[in-house]
Amino acid sequence: QVQLVESGGGLVQPGESLRLFCVASGSGFRINTMGWYRQTPGKQRELVARITVDGITDYTDSVKGRFTISRDNAKNTVYLQMNSLKPEDTAVYYCNCNAYDRINLSYNTYWGQGTQVTVSS
């Protein structure tokens, strides 16, 4: 079983930065791809960024050049550095990972509880 704990959200003004953290905990698993998704009222949850265990990244077009996803495999941690934040970035951000369960010999997807990011003047 994997648990994801997020932190780093908050209220900032346009143009400012935030750094999100997500730590995966548990035992008997190996995390593969990790990512960040976001959701606003009335919209479906969308991919923001994801990163493979080998460091290959993927970003949604609206955050390219502004956000950077990274990970520390030894700490089972994924980060999202968000620069030049815009009001349209306001959303609940969710940590996500795909992990291999060594006990049950299966892959599963896990989600964090979400952290609020609000960009407003």
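Reader: How many disulfides does a search of the whole structure find?

Author: The model is a predicted one. A disulfide is a covalent bond between the sulfur atoms of two cysteines. Here C22 and C95 form such a pair, with their sulfur atoms 2.0 Å apart. Searching the whole structure gives a count of 1.

Reader: Which hand does the disulfide of C22 and C95 have?

Author: The hand is read from the torsion about the S-S bond. For C22 and C95 that torsion is about -85°, so the disulfide is left-handed.

Reader: How many residues apart in sequence are the parts that C22 and C95 tie together?

Author: Both C22 and C95 are buried. C22 belongs to strand β3, while C95 belongs to strand β9, residues 91-101. The pair therefore links parts of the chain whose separation in sequence, in residues, is 73.

Reader: How many of the residues of strand β8 are buried?

Author: Strand β8 covers residues 77-82.

Reader: Which residue stands opposite Y79 in β8?

Author: Strand β3, residues 18-26, pairs with β8 in the antiparallel sense over 6 bridges. Within this pairing of β3 and β8, the residue opposite Y79 is F21.

Reader: Which residue in the turn between β7 and β8 has a positive phi?

Author: Strand β7, residues 67-72, runs antiparallel to β8 and is joined to β8 by 6 bridges. In β8, L80 has I69 opposite. β7 and β8 form a hairpin with 4 residues between them, and the turn residue with a positive phi, about 50°, is N76.

Reader: What is the radius of gyration of the chain?

Author: The chain has 0 helices and 11 strands. For 121 residues the globule rule gives 14 Å, and the chain comes close to that, so it is as compact as a globular protein of that length. Its radius of gyration is 14 Å.

Reader: What percentage of the residues in the chain is buried?

Author: Buried here means under 20% relative accessible area. Of the 121 residues in the chain, the buried share is 40%.

Methods: Residues are numbered from 1 along each chain as its sequence is written. This is a predicted model: local features need pLDDT of at least 70, side-chain atom pairs count only at pLDDT 80 or more; totals for chains, interfaces and linings use all residues. Side-chain values use heavy atoms; hydrogens and water are left out. Buried means under 20% relative accessible area, exposed over 50%, partly exposed in between (1.4 Å probe, protein chains only). Helices (H or I, at least four residues) and strands (E, at least two) are DSSP runs, numbered from the N terminus. Two strands pair if DSSP finds at least two bridges between them. A disulfide is a pair of cysteine sulfur atoms within 2.5 Å. The radius of gyration is taken over C-alpha atoms; the globule rule is 2.2 Å times the number of residues to the power 0.38.
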